[in-house]
Amino acid sequence: MIFEGKRILVTGGTGSLGKTLVRRLLAGEKGTPKKVIVLSRDEAKQHDMRMSYLHKTVATDEVIYRNFLNTLEFRIGDVRNFADVCSAVKNADIVINAAALKQVPSCEYFPHQAVLTNCLGASNIVRAIEENSYPVETVVGISTDKACKPVNAMGLTKAIQERIFIAANILNPKTRFICVRYGNVLASRGSVIPLFHDQIRHGGPVTITTPEMTRFLAEP
């Protein structure tokens, strides 16, 4: 039960992967955490996520006030901001970095923004632990299959993120830094499934870029 009694920070916890991860953590499949902290900069998504867990339809001051007393805690902040990262990381046993710019076109048109989130965000986590000697046991960097022989800005910045985390093991022997890669997630924000649904609802056409391409789907 690796998560039993642990304080777990999930950066980007309101994203497609982050929300699913938080739900699995709270389900206690691998142990019941003492605390799960969601750090993100989107207050609207945090509000929706908080209300869904509390089974309420109207927000009250009491709901917000008790935020820090609940097992699931929400924090407004940005992995790009070092102070925000320090504040969130200092009491964590496990950090899962799911904050990312992950849509290929967005990263191609705004590569500097991809660097700030995907690379500087990872560097801030490492720096926070290194400079403050925070007792973090494990940092997990969520990466992508596009980091393997990258050909676009998204893949390049995620590949650099991997190297930032892996290299951090050298100077931070008390913290284990690891990375995991995952592929495209069906029906996640920005994926083709919602796009295809919308195109079909409006009478088409369905814009498949290369019909000759072989596509693989894997069971979860």
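Reader: In this predicted model, buried means under 20% relative accessible area. Is Cys 107 buried or exposed?

Author: The relative accessible area of Cys 107 is 0%. Since the cut-off for a buried residue is under 20%, Cys 107 is therefore buried.

Reader: How far from Cys 107 is the nearest cysteine sulfur, and how many disulfides does the structure hold?

Author: The nearest cysteine sulfur to Cys 107 belongs to Cys 119 and is 9.8 Å away. A disulfide requires two cysteine sulfur atoms within 2.5 Å, and Cys 107 is in no disulfide. Across the whole structure, the number of disulfides found is zero.

Reader: How are helices H6 and H7 oriented to each other?

Author: Helix H6 covers residues 111-132 and helix H7 residues 153-171, and their axes lie 9 Å apart at an angle of about 10 degrees. Angles under 35 degrees count as roughly parallel. The two helices, H6 and H7, are therefore roughly parallel.

Reader: Which class of residue has 14 members in the contact of H6 with H7?

Author: In this contact, residues of H6 including Val 115, Ala 122 and Ile 125 meet residues of H7, among them Ile 160, Ile 164 and Phe 165. By class, the contact of H6 with H7 has two charged residues, four polar ones and 14 that are nonpolar.

Reader: Which element gives the largest share of the largest nonpolar core?

Author: The largest nonpolar core has 22 residues, and Leu 9, Val 89, Val 95 and Val 139 have the most contacts inside it. Strand E2, helix H4, H6 and H7 each give two or more residues to this core. The largest share, five residues, comes from H6.

Notes:
Residues numbered from 1 in each chain as written. Predicted model: local features only at pLDDT ≥ 70, side-chain atom pairs only at ≥ 80, totals over all residues. Heavy atoms only, no water. Axes fitted to C-alpha atoms, helices over the stretch in contact; angles between N-to-C directions. Helix = DSSP H or I, 4+ residues; strand = E, 2+ residues; numbered from the N terminus. Parallel < 35°, antiparallel > 145°, perpendicular 65-115°, else oblique. Contact = heavy atoms within 4.5 Å. Nonpolar A, V, L, I, M, F, W, Y, C, P; charged D, E, K, R; others polar. Core = buried A, V, L, I, M, F, W, Y, C linked by side-chain atoms within 4.5 Å. Buried < 20%, exposed > 50% of the residue type's maximum accessible area, 1.4 Å probe, protein only.
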